[in-house]
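Here is a short tour of a model, from its packing to its ligand. Please keep the sequence and the 3D view at hand as you read.

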Amino acid sequence: MIIVWTICAFVSGALMYSYWLGRLARKNLKTVGDGNPGALNLWKAAGYRLGIAGVLLDFIKGYLIIRLAVEVGGVSGYGLIPIALAPIFGHAFSPFLRGKGGKAIAVTFGVWSGLTQFEVSLALAVILAVMLGGMKVINKWKPISSEADGQQVVIGMLLLGVYLYVRDAAAMLLWIWVGNTLLIMFKHHKELAALLLKKKKEQEGSQL
Ligand SMILES: O=P(O)(O)OC[C@H](O)CO
């Protein structure tokens with residue numbers, strides 16, 4: 001049954017609601033902003049109403065399948081690891097977009113909400129909000145680049161690991177966090193490379 005739930009979870013995650021809502025509004029999200037087929041670019045291209053609908057649907061596709069697997073399928077413990085990771089990978093490598101999916105942020109929130117009754121996704125939201133607020137103050141309220149946004153998401157996921165450790169989370173949750181974080185890092189590899197290059201240049205500059 002775990003395999004069947006994992007396949008259903010992957011298909012659920014692979015449904016690219018934000019991208020398809022964009023197509024309905026005659027916008028191709030691949031040509032908007034950073035080209036991510038996610039809710040933020042839907043919001044930018046087609047307005048806040050569709051943007052909010054996209055966030056909710058991309059969230060729900062992760063949340064609902066986890067709740068169904070737990071409550072209808074009776075899955076628990078380590079069996080939840082592949083089922084929890086499947087929607088995130090489904091969104092990131094959606095066959096409906098020929099393997100080129102999104103950055104999997106909204107679906108990540110949905111999955112963690114389903115796994116932990118919203119606790120861990122709320123913790124991630126607080127971590128990201130504090131980081132964003134700090135960045136805004138440092139940058140004197142100037143707009144933050146999508147590159148810096150992506151870097152913050154990766155750092156936020158790493159800090160979430162600290163939160164899970166401090167909360168003495170079950171090993172199953174820690175394994176899901178490992179898989180989720182590696183995927184988010186992979187999907188933000190360009191932003192991470194830019195950050196490393198910037199740090200290297202700063203180091204070289206300070207040595208002169
Ligand atoms: O990561 P996605 O694909 O759910 O999209 C996320 C939103 O656009 C916010 O960056």
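## The nonpolar cores

A nonpolar core is a set of buried Ala, Val, Leu, Ile, Met, Phe, Trp, Tyr and Cys residues joined through side-chain atoms within 4.5 Å; buried means under 20% relative accessible area, with a 1.4 Å probe and protein chains only. The model is predicted, so local features need pLDDT of at least 70 and side-chain atom pairs pLDDT 80 or more, while totals for chains, interfaces and linings use all residues. Residues are numbered from 1 along each chain as its sequence is written, and side-chain values use heavy atoms, without hydrogens or water.

The largest core has 39 residues, and among those with the most contacts inside it are Ile-66, Val-111 and Trp-112. Elements giving it two or more residues include helix 1, helix 6 (105-116) and helix 9 (171-187), but the largest share, eight residues, comes from helix 5. Helices are DSSP runs of H or I with at least four residues, numbered from the N terminus. A second, separate core of seven residues includes Tyr-19 and Val-32.

## Helix 1

In helix 1, the buried residues include Trp-5, Thr-6 and Ala-9. Helix 4 (48-71) and helix 5 (80-92) are part of what covers the buried residues of helix 1, through contacts (heavy atoms within 4.5 Å).

## The ligand

Which residues surround the ligand? Among them are Asn-36, His-91, Lys-103 and Ile-105, each with a heavy atom within 4 Å of it. A ligand oxygen atom is 2.7 Å from a polar backbone atom of Ile-105, and one is 3.1 Å from an N or O atom in the Asn-36 side chain; polar contacts are pairs of N or O atoms within 3.5 Å.

Methods
Buried < 20%, exposed > 50% of the residue type's maximum accessible area, 1.4 Å probe, protein only. Polar contact = N/O pair within 3.5 Å; in protein donor to acceptor, adjacent residues only side chain to side chain.
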